[in-house]
Structures are given as structure tokens and as C-alpha cells.
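This briefing concerns a predicted model. It takes up a recorded site and its surroundings, and then the relation between the chains.

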Protein chains: 2
Amino acid sequence: MKVSDIGEQGLLKILQRFCPSEIIGDDGAVLNVDRDRNLVVTTDVLVDNIHFSEITTSPEDAGWRAVAANLSDIAAMGASPLGITVGLALPIDTQVDWVERLYQGMSECLQKYNTPIVGGDLVRSHITTISITAFGQVYPNRCIRRHTAKIGDAIVVTGIHGASRAGLELLLNPELGETINEADKQALILAHQRPQPRLDVLPILWDVSPDSEFTVSGMDSSDGLADAVLQICRASNVGAVLELQKLEWQKILVSEALKNWLTPTQILEYTLYGGEDFELVLCLPSELAEIFVKKIGDNAAIIGKITSNPQVILRDQINKNPDQVLTLNQGFQHFNNS
Amino acid sequence: MKVSDIGEQGLLKILQRFCPSEIIGDDGAVLNVDRDRNLVVTTDVLVDNIHFSEITTSPEDAGWRAVAANLSDIAAMGASPLGITVGLALPIDTQVDWVERLYQGMSECLQKYNTPIVGGDLVRSHITTISITAFGQVYPNRCIRRHTAKIGDAIVVTGIHGASRAGLELLLNPELGETINEADKQALILAHQRPQPRLDVLPILWDVSPDSEFTVSGMDSSDGLADAVLQICRASNVGAVLELQKLEWQKILVSEALKNWLTPTQILEYTLYGGEDFELVLCLPSELAEIFVKKIGDNAAIIGKITSNPQVILRDQINKNPDQVLTLNQGFQHFNNS
């Protein structure tokens, strides 16, 4: 039996037998190192021509994105980053300049969050492979996990979903951008090349109700907004209703850039399934969610709520289209009039 | 300019500009997470056909060795392991059985030290690549670093150096083992296939003088015994004298297995430059070193001392051969009569 016969998910299931079940299943692993502090660890492996490519990614951007993805996982756990390690496997004919520029990009992203590169390994290989492990710390009661969403919680998303996917499209097919003004185009491309891990959101989140204890459930949206909601619901054994018109908020923000290019349906597809926006999807009591969104300003929205019905449903309340059930394996089904 | 033009060491020097200098330079990075505890992190990348090979290494052994190398770095920092992450890049035609056996070997080594696999990543690649990051914790005053060796310190080594190298030779050239008895042969091969990280040594070390504060300097001998002494001396700005006859202790322990096969000079070469024994090389006040070695029993020895002369010298006190200066780049020069 080969890996191709059972796929990544099949192999993961087998390998999870070797890991303690209470530790895995989130964006990062949580370890109780002492009573007051949990250690959070997350790791990513990036392979040339699979996870980054010279066509769409400069070495600086590859470095930035690799770091941003890991710091986003740290943010998604509610943690503050302490450092990263970088394991680098390189062909011997790699240009030294390429490696320096990769590290330059990593450093630029890390410096924003005062996070050092604390070590690494450098080995020879035939394929450029970048392995990053990031670790952070979090107060145990502020740890954000996937399995703690509660019925009635509001679902909050930060940032613009779909922008990274649109930016990638413009990089792959520059001719598509001809009808978009330069500033909007660059904003979309930047969303893809320089995603911002949302560590900035955490102090605002805990400031919503500093004197009361409340649990926030969530994860980042690296694999798409729909995926994040589905993963949280599966882990928490709940469901969700997402309101189509609340997602429209997303469209309004990017409409100037996209209206001449994508149909409303395509924008919704990008919003739900685009991925790599590295935003946060958080579930918390609705009265706190409202304060939170107000504090953040334009850059966040309540898009739905957690329900007891175990499905994740997309509801069109204005046009009264039938509810759609979102799934992990199945893309978005087009609405009649969107 | 290509990586091949400046080599690994040249590239490392460039990349170290991106890391805080006080954190790097040891077997693991040390991070002060709070007043009472330091976090230690270390990472290794292993590439198929470079760091492991089907000829000498079963998947179980590849897994064991990968974990042992990282836990050895944790031990070399004086730390207790908390967990590891595993990043795995695999060709899609990899046998699932191979991956399971790799994890089986990792788990066997980890279980001895109660250390969990806490997370990882699984990606597609054309070359099997294993990235392991291990992390542990240590009381700040018990952290073992390279740069703190003091003039007059005794140099203690644990275990048998050269055994792993001899075991590798027997795996590569089985015909060499024909004159060795089966038990000795298996012991040497096991030293190569299943090295033991010396976490067991640490409680004994701190028990030597539980009520007094003392600093231990050191590292592991993954790149050879000579390399370890040289690295410690370079980092501490000191030198060392190693006594040839103290190293003979090593020969006595393995003599039954090796006497029909290797010359005394070859055994000394393996001892100093063999590598991959994953033992510890420690520098501490000589009166404490003597107690320490007695507590450990046969399995450790004082092989020399730290000096103000910045060279690392191998001294033959019995046969009065001239002193030899050991260097990082240069192999051992044969003595006239050893």
C-alpha cells in the first residue's frame, strides 16, 4: 500500500496513533509546562514547486509567507510567539543570494512581532525544502482551541477572505488585472505575498472583558473560511449558520478591486474557499463578539452563529434561496442569483 | 555565487547574521521564558540517501536515530525533553508500511524518555525528508553550554567513542566482521543503529554536589569526540590536554570486539573522529568530576583537562611521543607506535 492509495488524510489518521490525542487537533500543540503557562508549538514543511514557486513568489515573499503561516498558527492558539527554528535543505547549486533573500523575508515578518530565529539546521538535498517550527506561550485560560465552541456563540472573522486567492490569480494571469486600478491590484497581490498573521487581534480580544473569564474557540483560516468553520464545528460537535449577507460585507470591502473582474459568485467562492488569508475565525459569546468587532473597526465581522444542528449551513435571508450545507470535500454550490 | 562555492560553514556564517548571537552556538537554543525555567530548542533535517540509507538503516532505525540525535542535543544542554514535532516530506509512492515503521522507531526511542510527538506536518515531495524539532526545559543554573569551560576543569566523557563508527563499518562491509564474535559484533552495530541519548546522566551529574552551585560546560559528541573538545575550547576561549592513555580506557572496553580487526591506531582514530556516538563531553571542577565518574561506574572517564594554552593537545605520557595538536579540519596524525 502506497501513500498515494490512502492520501494525506489517510496517512495522518495512521500517524496520529503515535501522538497523544489530547495534544493534537489544533493549529498548534499545547503543552502544560507549568501551572501558569502553556507552550504552543507548530510546524510547517514547504517544498519547492509545491508550496512556493519562482513564478509567483520571490525568495523574500517565500520567507515572509513561511513565517506568517507559522505565526498565524501561534495567533490562532491565542499565544505570543517566542521564536522559530528554520531547517533548510538545499541543492548545492542554490544561489547564496536566494538563501539570503529568503532569510531577509523571514526576518522582515518576524521583526514586526519581535520574534527571533533561534536555531536551525542546514543540509544538502536535491529539492529546496523549508521546515519551520514556531513556538509561543499562552496563559492556560486564554488558549484558543477548536473543540470549545458553544451553541449560541457568535462567529467572528477578521480581515478580508478571498483577497489572497484573488492576488494569486492576478500573479498567475496578469492580463486579468487590466481592468483593475493599480492600487487595488497591488493590495490584492500583497494580500497573497505578504499575509499578516493576526497577532495584533489578541490584546484587543482579551481587552473586551478584562475582568471576566470567557472561552474563545477558533482557528486560523489558512485553508479557507469554510474549512475553518467546518473544522471548529466538527471538533466542538456543533453546527453553524453563516449568513450570506454578512459575508457580503467581505464583498463590499473589495468590490472596487473586483467588480470589473469577478462575478459575485466567484467572489463568494474566493471568500469561502480561497484559503491562505491567515485571518482568524473565532467563536465567543455574542455580546462580547459585538464589542470585539466594534473595537477592531471595519476589519472584522460577525458572520453567523454556532448551532446545535451539526451541519454548517449557508443561509440567504434576503433572496430566500434554500439553505446550503457546506462540506469539507465539496466546493460551494452556486446560488441562483448571486 | 553558489552554496557549493562557500560550503555549509560559509553559508551558516551568513545566515547567523539573522539570529541573535546570544541564543545560538550550542546544541540547542536557550530561551528565557521565565525566571525559573529556560526553554531549549533544537532541530535536525534528515534527507534520504544523505543522512540515512536503506543499506544500513531500517525505517525503525532511521526513526530511532533521528529522535536520538535530537534528544542528545537536549541532554547536552542539561535539559529534560518536553516533546518533539515531526515534519515529513514524502514521495507519493512511499510505502505506508515504511512510514509506520519510521514512526514506530521514533516512538520506541521517545517512550524511554516519556517524550511525546506533539505535532507535525505531512507534505508531498520527490525526496523523503524528515525534520525533527525537539524542545525541553532546564533550570537556568543547570543549563550546560559550550562557552563556560574554565581553566583547570576536568574533561569527562560518557560511554564508548568510536563504537558507532565501527558498527557502521560492519554494516557497510559485513565481511570485516568474520573474525569478531557475534555478541560483540551486534553490540557495535547496535551502537550505530540505536544510539542512546544520555539523558540518564543528568540526574547523576546534579546529584554530585546537590547543595553547591557549580557550572558544567559541554556538548554532545555527535560529530566526534575531538570535534566536541575543540568546539568547547573555541567557544570558551581555552585549550585542553587530552591524555592518550586515558583514551586507552576506551580501547580496553571494546578491545575484545576490535582486536582482531582494527589496529590500535584505527581504534584511536574511530575514538577521536568516528562521530555519531551521541555521548556527552562535559567540563567541570575536577574534584566533582571524580565523584561523577565514580557514580556512573565503568561508563565514563576523565580524559584530560582544560588549559589556558588555546590549543587542544593530545599527549602520550608513556611513550613520550611529541604532543599532537588536534584541529577541526585535520584528521588524526598517526603516532609512531600506537
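In this predicted model, the side chain of D73(A) makes a polar contact, at 3.2 Å, with the side chain of T42(A). D73(A) is also one of the positions that an unreviewed UniProt entry lists under "binding site", together with D27(A) and D220(A). Although these positions are spread over 194 residues of sequence, they cluster in space, with a largest C-alpha distance of 7.5 Å.

**Surroundings of D73(A)**
- D73(A) lies in helix α2 of chain A, which covers residues 59–76, and at 9% relative accessibility D73(A) counts as buried, because the cut-off for that class is under 20%.
- Once neighbours within four places in sequence are left aside, D73(A) is in contact with D27(A), T42(A), D44(A) and D220(A).

**Surroundings of D220(A)**
- D220(A) belongs to strand β7 of chain A, residues 217–220, and counts as buried at 0% relative accessibility.
- The side chain of D220(A) makes a polar contact with the side chain of S72(A), at 2.6 Å.
- Leaving aside neighbours within four places in sequence, the contacts of D220(A) include D27(A), D73(A), A69(A) and A76(A), as well as A228(A), F278(A), E279(A) and L280(A).

**Relation between the chains**
- Chain A can be laid on chain B with an RMSD of 0.0 Å by a turn of 180° and a shift of 0.0 Å along the axis, and the two copies are thus related as by a two-fold rotation axis.
- The copies meet through the same surface, because 100% of the interface residues of chain A are also interface residues in chain B.

Notes:
Residues numbered from 1 in each chain as written. Chains lettered and ligands numbered in written order. Predicted model: local features only at pLDDT ≥ 70, side-chain atom pairs only at ≥ 80, totals over all residues. Heavy atoms only, no water. Least-squares fit on C-alpha atoms with pLDDT ≥ 70 in both. Contact = heavy atoms within 4.5 Å. UniProt positions renumbered as here; feature names shortened; annotations may be inferred. Helix = DSSP H or I, 4+ residues; strand = E, 2+ residues; numbered from the N terminus. Buried < 20%, exposed > 50% of the residue type's maximum accessible area, 1.4 Å probe, protein only. Polar contact = N/O pair within 3.5 Å; in protein donor to acceptor, adjacent residues only side chain to side chain.
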